[in-house]
Amino acid sequence: MHPSLPRHARFALTAVATVLAAVASILVFPPVAAAAGPAPHYLMTAFTNSSESNMYVYDSANATNFTRVRANAYTPPSGLIRDPSVIRHTDGYYYIVYTTNWTGDTIGFARSADYVSWTFLRNVRVGLNGATGSTWAPEWFKDSDGSVHVIFSASTAGTAGQFRPYRITATNSDLSAWASPVALGIQANFIDSFVVKIGSTYHNFLKNETTKYIEHATATSLNGPWTFVGTGNWAGWGAGLEGPAVVRLPDGRWRLYFDQYGQKRYFYADSSNLNSFGGKVEMPGLSGVARHFTVLREDSGDSTVVPTGNRSLRAVSDSTRYVRHRDNLAYVEPVSASSSLTTRQDATFTIVPGLANSNCYSFRSVNFPGRYLRHYAFRVRLDTNPGDSVFARDATFCGRAGLAGGTSFESYAHPGRYLRHYNYEVRVDWRTSDAAFARDASFTLSTPLA
């Protein structure tokens with residue numbers, strides 16, 4: 001400012017400059033990315049044509065195009081892993097239940113924190129005719145009252161016998177204790193029972209072992225009586241089908257997957273009401289590979305939109321601390337206008353549409369433009385983007401209204417886990433209900449520090 005100007009003129013120019021700087025800081029912010037509501041994430045567990053003792057894991061953003069997360073993600077200590085069914089429990093862990101062998105009276109359980117690495121838990125004996133019977137195709141079902149069930153098909157006379165669906169119900173919160181089996185009330189020679197509930201109606205999709213058609217029964221109680229509302233070739237898909245699995249799509253429609261096992265091909269068909277379905281559509285990339293899978297849909301984020309462009313993330317719990325990378329790991333540390341340029345750059349990120357889902361967001365370093373914040377074993381770090389789908393998922397976060405003000409970011413790859421700091425280290429942790437977690441998982445998006 002020119003020193004010869006009168007004091008009141010210098011004061012006026014200072015005020016104008018301050019206003020212009022504030023306006024400029026707004027104008028340089030690009031438009032916000034449009035969040036379209038919760039971002040769906042579909043997780044699939046399957047065995048394959050090449051192996052009955054190794055489980056593969058896939059995921060998808062649209063329930064149609066699945067990419068492989070990990071081959072041979074789980075091998076049980078003994079026996080098979082056919083028909084793996086996956087659920088996310090209230091403790092934050094993923095659980096699978098699976099067929100352990102062609103004959104016998106057990107089903108297997110394993111769990112995982114990240115659906116990539118799995119740990120065997122136990123085989124549960126359901127007690128239907130011991131080693132001379134067969135126990136197949138267990139499927140998770142969580143009822144509207146919160147009770148957790150496994151519905152399985154059993155024959156008391158081995159593989160040649162007639163199967164019926166039964167259920168066992170968890171009697172404790174960690175799914176380690178189960179009640180005795182209860183018959184579902186379906187007549188003999190039906191297998192692969194998959195149940196969903198809409199309102200007060202239970203819908204059961206299952207394979208008629210006599211005709212080899214997938215049929216549809218409904219009931220107002222899980223124990224029946226069941227009324228078959230779709231029999232024979234009711235949907236026009238033909239015979240030779242098994243392994244039905246149902247998932248709901250974001251627009252409210254339902255998608256039924258099934259295995260045409262004789263031709264080693266996989267299909268899906270869609271419905272608005274579970275009573276009438278469209279034609280079968282072959283699954284891209286999975287026919288000839290995957291067998292009898294289930295799909296778990298989880299949603300990340302909400303309708304919160306996040307400003308894109310250069311930003312700094314200030315911790316709501318401590319307004320002096322910002323998310324920054326140091327030695328390729330993420331922390332929340334004190335940063336201010338007087339900090340070195342390098343420190344301020346370390347605490348500045350370019351927010352871009354999510355690498356794995358454009359309705360979410362990714363954080364690119366401003367001083368290392370090829371690197372992004374991503375979680376690895378739930379620790380957040382700064383890594384170079386190799387361009388693969390696993391990295392994209394781990395570097396994508398979905399906006400939510402701040403748990404304690406500001407904005408919170410939910411992991412796209414692991415819904416229910418949030419970007420948060422703990423002992424000043426930035427992690428992706430399972431949400432708990434306490435106020436401390438809410439504060440640690442909330443951030444204020446500020447003007448860039450560099």
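Trainee: Where is P225 found?

Mentor: In this predicted model, P225 sits in the loop between β14 (214-219) and β15 (227-230). A cis peptide bond joins G224 and P225, with omega about 5°.

Trainee: Next, backbone angles. Which residue other than glycine has a positive phi near 60°?

Mentor: D192 does; its phi is near 60°. Check the place next. D192 lies in strand β12 (residues 190-198).

Trainee: Is D192 buried or exposed?

Mentor: Use the cut-off. Buried means under 20% relative accessible area. D192 has 6%, so D192 is buried.

Trainee: And N423, what is its phi?

Mentor: About 55°, again positive, although N423 is not a glycine. N423 is in the loop between β30 (417-422) and β31 (425-430).

Trainee: Is N423 buried or exposed?

Mentor: Exposed means over 50%. The relative accessible area of N423 is 62%, so N423 is exposed.

Trainee: Let us turn to sheets. What is the strand order in the open sheet that includes β17?

Mentor: Read the order along the sheet. Here it is β16-β17-β18-β19, four strands with antiparallel pairing.

Trainee: Why is one side of β16 and of β19 left without a neighbour in the sheet?

Mentor: β16 (242-248) and β19 (281-282) stand at the edges. Each has a single partner strand, so one side of each has no neighbour in the sheet.

Trainee: How many bridges join β17 to β18?

Mentor: Seven bridges join β17 (residues 254-260) to β18 (residues 265-271), and the two strands run antiparallel. R255 has D270 in β18 as its bridge partner.

Trainee: What is the order in the open sheet that includes β9?

Mentor: β8-β9-β10-β11, an open sheet of four strands with antiparallel pairing. Its edge strands are β8 (134-142) and β11 (182-183), and each pairs on one side only.

Trainee: How many bridges join β10 to β11?

Mentor: Two bridges link β10 (residues 164-169) with β11, in antiparallel fashion. For R167, the bridge partner in β11 is V182.

Trainee: How many residues of β25 are buried?

Mentor: Count along the strand. Four of the five residues in β25 (residues 361-365) are buried, so this strand is mostly covered by the under 20% cut-off. β25 also pairs with β24 (residues 349-353), antiparallel, over five bridges. Within that pairing, V352 has S362 in β25 as its bridge partner.

Trainee: Now the whole chain. How many helices and strands does it have?

Mentor: Four helices and 32 strands. Then look at the extent. The C-alpha trace spans about 105 × 40 × 40 Å along its principal axes. Of the 450 residues, 52% count as buried.

Trainee: What share of the contacts with a separation of 6 or more comes from residues 24 or more positions apart?

Mentor: Such residues account for 50% of those contacts.

Trainee: What about surface and charge?

Mentor: The accessible surface comes to about 18300 Å², and 52% of that belongs to carbon and sulfur atoms. The chain has 41 positive and 33 negative charges, with mean positions 5 Å apart.

Trainee: What is the mean pLDDT of the chain?

Mentor: It is 92, and 92% of the residues reach 70 or more. Over residues 1-31, though, the pLDDT is below 50. That stretch has 17 contacts in the model beyond near neighbours in sequence. Where pLDDT is low, predicted coordinates should not be read in detail.

How values were computed
Residues numbered from 1 in each chain as written. Predicted model: local features only at pLDDT ≥ 70, side-chain atom pairs only at ≥ 80, totals over all residues. Heavy atoms only, no water. Buried < 20%, exposed > 50% of the residue type's maximum accessible area, 1.4 Å probe, protein only. Contact = heavy atoms within 4.5 Å. Areas by Shrake-Rupley, 256 points an atom, 1.4 Å probe, with all protein chains shown as cover. Lys, Arg positive; Asp, Glu negative; His and termini not counted. Charge placed at Lys NZ, Arg CZ, Asp CG, Glu CD. Pairing = 2+ DSSP bridges. pLDDT = per-residue confidence, 0-100.
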